[in-house]
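Colleague: Could you walk me through how to read the surroundings of a ligand in a model like this one?

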Amino acid sequence: MRTRDVRWREGRAFSLAYNAGPDALAVAEEAYRRFSGENALSTDAFPSLKQIQTEVVAMAGVWLGATPSSAGFMTSGGTESILMAVKAARDRLLAERQIRQPNMVLPTSAHAAFAKAGAYFGVEVRRVAVGPDWRADVSAMRNCVDENTVLIVGSAPQYPQGVVDDIVGIAKIASDSQINCHVDACMGGVTLAYLERLGEKIAPWNLQVPGVSSISVDLHKFGYTSKGASVIMYASKHLRSYQGFVTSDWLGGIYGSSGVLGTKSGGSMASAWAVMHFLGDDGYLRLTRQAREATLQLASVIRSSSDFVLRAEPESTLLCFGAKDPQALNVFAVADELSKCGWYVDRQTPPDSLHCTVNAIHHDKIDWFARDLHNSVATVLNQRSTGNVGAYGTIE
Ligand SMILES: Cc1ncc(COP(=O)(O)O)c(C=O)c1O
């Protein structure tokens, strides 16, 4: 069945899948297999999963600048972490100030999952245009906050152009207004932590910033674990307490759960635990260096091309580029040609752009990709072909 799937294990996907090499993949898959039937809905029945969650959250906490007061949970991914951040903010401000028509203020660059959360939980989504550098416009965001605002959001980095928002400025609004501030570090939580250790200068982005109340990091992205693993970490146990759900209002007794799911496989949790131990600090330093080098190499390919323009200098391992002359070159047609060569890149708009999430597997692939990119452009210009934007996620 997988014959037509993108060959991510061979480093052909610049989206959706991450690969730290065959050894880490084998550890991930074996741990997943051994725990696939365990159920994290009840850690009374499966104390192993409680221990796994505690240890994984503690390890991720080091990356996220957690303090002794911080407290977190594992979730099934970035979307669930974001859903929970929105729910926790809504429920906190409902409890503390009886806010019944809540809204959240976020830049247009913040992930689509916030819109999903707004729709699911009845929180109005107030999108604020980003500045010319694609970063959140902090003063415009401040102007959108009112007495019904429960949450303000920044990303480290934001997905579309890969830049890190001014988290200090955004979190200051939250502390001034006594509301929640979530940092979406789903993409950057591992990478930024290790880039700092590799000596790169990164603007403050984690729980060390005053006013940040929660932060998310996806382990199934740059943690290189199996799909279904993210961590959401709160500044305090009290803030975390608004995430859970408990009811006894039915005939089945007390039902409590920390996140969206009921039954929750131990597979992705065990996989995260095993891969994080297997890779350790040395492994993550090496993988971060490789992914970063590949990103910078790709950025220089794009910069020196006469056809493309970089949307922004990549600040982690996300890179976005468009056509220098969009009338002459349709970037989605380029993506179609690349796909015929076996590459998968993301397509996004506005403006019409291609997007690459670069990970360690791409370290020795950029020359190859650059050749195919060059040839794809030549074909598209030659045939004057056009392509479609496609979709980041699909419903079928
Ligand atoms: C910045 C950011 N936040 C959240 C998400 C959502 O993560 P997931 O697809 O794991 O639900 C993504 C996914 O790419 C992302 O880039």
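**Around the ligand**

Modeller: Helix H3 (residues 78–97) gives the most to the shell around the ligand, with three residues; helices (H or I, at least four residues) are DSSP runs numbered from the N terminus. This is a predicted model, in which local features need pLDDT of at least 70, side-chain atom pairs count only at pLDDT 80 or more, and totals for chains, interfaces and linings use all residues. Residues are numbered from 1 along each chain as its sequence is written, and side-chain values use heavy atoms, with hydrogens and water left out.

Colleague: Which residues surround the ligand?

Modeller: A residue is near a molecule if one of its heavy atoms lies within 4 Å of it. Here the ligand is surrounded by Gly-78, Thr-79, Ile-82, His-111, Tyr-159, Asp-184, Cys-186, Met-187, Asp-218, His-220, Lys-221 and Tyr-392.

Colleague: Which side chain has an N or O atom 2.6 Å from a nitrogen atom of the ligand?

Modeller: A polar contact is a pair of N or O atoms within 3.5 Å, and the side chain in this case belongs to Asp-184.

Colleague: How much of the ligand's accessible area does the protein cover?

Modeller: Accessible areas come from the Shrake-Rupley method with a 1.4 Å probe, and the protein covers 86% of the 390 Å² that the ligand has on its own.

Technical notes: Polar contact = N/O pair within 3.5 Å; in protein donor to acceptor, adjacent residues only side chain to side chain. Helix = DSSP H or I, 4+ residues; strand = E, 2+ residues; numbered from the N terminus.
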